[in-house]
Amino acid sequence: MSTATPRTAVARTAVVWVPDWPVLAALTAAGLEASRPAAVHDAHGILAASALARAQGVRRGMRRRQAQQACPELVLLAADDVRDVREFEPVAAATETVVAGLEVARPGLLLLPADGPARYHGSEEALAEALTGAVAQRTGHECHVGVADGILAAVLAAREQRVVPRGASRAFTDPRPLGDLLHAATVPGSAADVADLVDLWGRLGLRTFADLRALPPSDVETRFGALGAWAHRLARGEDLRPAARRRIEPDLAVGRELDPPAERVDTAAFVARSLAEELYELLVRGGVTCGRLRIEARAVDPVDGTVSELVRAWRCDDEAIGGLSAARLTDRVRWQLEGWLTSAALGRRGRRGRPGAGADDAEARPAPIVFLGLTAEEVVRAGAHQGGLWGASSGQDARALRALERVQGLLGGEQVLGVRLQGGRDARDRVQVAPWGDAAPPARPADRPWPGALPAPSPASVLPEPVDVVLLDPRGRPVAVDDRGGLRAPPATLVEPAAAPGPDGPGEQQRREVHQWAGPWLLDERWWSSAARRGAWLQVVLDDGRAALLASTGTGTTGWRLEALYD
């Protein structure tokens with residue numbers, strides 16, 4: 001008896017596609033009518049063109065001058081990914097009035113589960129009509145809807161505004177050209193790779209999805225990599241995963257006016273506890289948790305009536321999921337109130353004794369708090385966070401985070417700093433010091449190319465301040481870097497400055513032999529500006545076992561600085 005290999009189940013998928021969305025979003029943001037021929041471009045050429053522009057010969061990939069020659073009245077608009085996403089949100093919101101969950105594949109393209117909504121509306125055709133009507137009524141945009149087995153067939157069906165019967169998706173996609181894979185590319189920047197792969201397959205004689213599907217999956221993955229395996233699986237009518245349902249959870253907020261105002265920490269903490277319990281109840285009732293807790297307070301100075309708005313956001317660590325309780329919320333609010341009220345009292349005490357200081361200043365009383373509010377931000381469904389690969393933490397990390405957060409609450413957000421990597425060429429530039437818990441991206445992205453950067457491995461210890469040293473060759477002459485980027489003589493001795501004077505007199509200079517060295521690596525930054533920096537890096541291993549990083553003060557000079565040490 002033979003058994004057939006079971007085929008991967010493919011869910012019915014609906015696709016909402018707004019044609020020429022980058023152009024439509026640009027026209028909408030600019031306040032222009034959609035009836036004008038328009039195109040979106042970048043520095044390389046035309047990225048997308050409206051139907052009116054295409055009718056007059058404008059094509060993707062054209063240079064701007066060529067496009068304007070084909071259509072003199074063409075409106076050229078700059079590409080903006082952020083604008084495309086922002087303007088597409090009303091379309092996604094309109095779609096969610098019909099289907100509860102959706103996935104934004106890219107701006108202009110939505111993926112939705114079709115089985116349940118189709119049963120609710122009576123048929124897949126009725127679902128398509130409801131989606132089209134909702135988008136048109138709420139946004140004024142025209143959209144196309146397609147339903148089929150799997151993502152690829154549904155995307156292609158949306159371009160033809162049709163519903164492919166269940167089980168007929170393979171017959172629908174097999175005769176189509178492989179160039180249609182471009183319509184299913186959703187990862188930013190992947191369209192060029194897909195186009196190159198389709199061009200290669202065309203030169204190899206593969207023209208349609210049927211031709212690609214006839215090849216063994218293992219051979220395709222071995223020869224064409226992950227991109228080829230992705231395309232082959234779509235050609236077979238199998239999806240990598242079902243459409244991910246988007247569910248945007250709103251922020252949850254509670255607040256209370258304090259009458260009489262709270263001047264003591266324990267009084268404000270009593271109100272904070274009731275607010276924390278109320279917010280926790282809202283989280284539990286909705287089955288959600290939060291990534292950040294924003295604490296807001298409003299204080300009024302009793303002397304001059306000045307109103308102060310105090311806001312601080314606390315990051316909720318991932319391991320608090322399931323452990324985020326009303327008591328923990330109360331602790332965070334109390335710590336923050338202690339910091340606010342204590343700093344306010346110290347500030348008023350600093351004004352004591354000055355001319356015009358009153359009795360309240362003499363007592364160093366803080367400004368009383370008249371309003372307290374808590375907001376749960378970055379709300380997600382409970383259980384959306386996954387634990388560590390090697391099991392749950394034993395609690396040390398969570399306790400350390402709580403200690404840091406409490407110190408931050410007492411001293412202020414800018415007083416507790418963390419270190420993270422950023423882009424740069426030397427050891428100092430690659431380190432960024434930022435407030436603990438600050439989620440802002442680094443000033444210089446570390447994933448960008450940095451020509452002339454110090455090669456790996458990075459030093460283990462960077463000195464607080466560089467130390468001037470002398471580097472000598474075997475004849476005792478200073479070593480310098482020539483204009484070609486090489487050393488004029490090999491280094492033999494490193495002379496470090498004398499130690500601080502002691503009871504026996506001034507210290508002596510330390511001379512260390514150089515056993516090994518590597519480099520130099522030239523550094524030439526901002527040659528066009530007044531902040532230009534030119535020099536070289538050199539790695540040396542000394543006779544005491546230390547490995548050091550030296551930096552020259554410039555080519556042609558004999559000055560060197562000790563910058564960092566290696567383990």
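**Close-up views of a predicted model**

**View 1. Strand β7 sits inside the structure.** Six of the six residues of strand β7 (residues 144-149) are buried, so the rest of the structure largely encloses this strand. Buried here means under 20% relative accessible area, with exposed over 50% and partly exposed in between (1.4 Å probe, protein chains only). Strands are DSSP runs (E, at least two residues), numbered from the N terminus. Cover comes on both faces of β7: His144, Gly146 and Ala148 are buried on one side, and Val145, Val147 and Asp149 on the other. In a regular strand the side chains alternate between the two faces of the sheet.

This is a predicted model, where local features need pLDDT of at least 70, side-chain atom pairs count only at pLDDT 80 or more, and totals for chains, interfaces and linings use all residues. Residues are numbered from 1 along each chain as its sequence is written, and side-chain values use heavy atoms, leaving out hydrogens and water.

**View 2. β1 pairs with β7.** Strand β1 (residues 12-17) and β7 are antiparallel partners over six bridges; two strands pair if DSSP finds at least two bridges between them. Look for Val16, which stands opposite Val145 in β7.

**View 3. Six strands close a barrel.** The closed barrel runs β14-β15-β16-β17-β18-β19 with antiparallel pairing. Five bridges join antiparallel strands β14 (residues 461-472) and β19 (residues 560-566), and Val462 stands opposite Ala564 in β19.

**View 4. Gln539 in strand β17.** Gln539 lies in β17 (residues 533-542) and is buried, with a relative accessible area of 18%. Its contacts (heavy atoms within 4.5 Å) include Trp517, Leu549 and Tyr566, not counting residues up to four places away in sequence.

Notes. Helix = DSSP H or I, 4+ residues; strand = E, 2+ residues; numbered from the N terminus.
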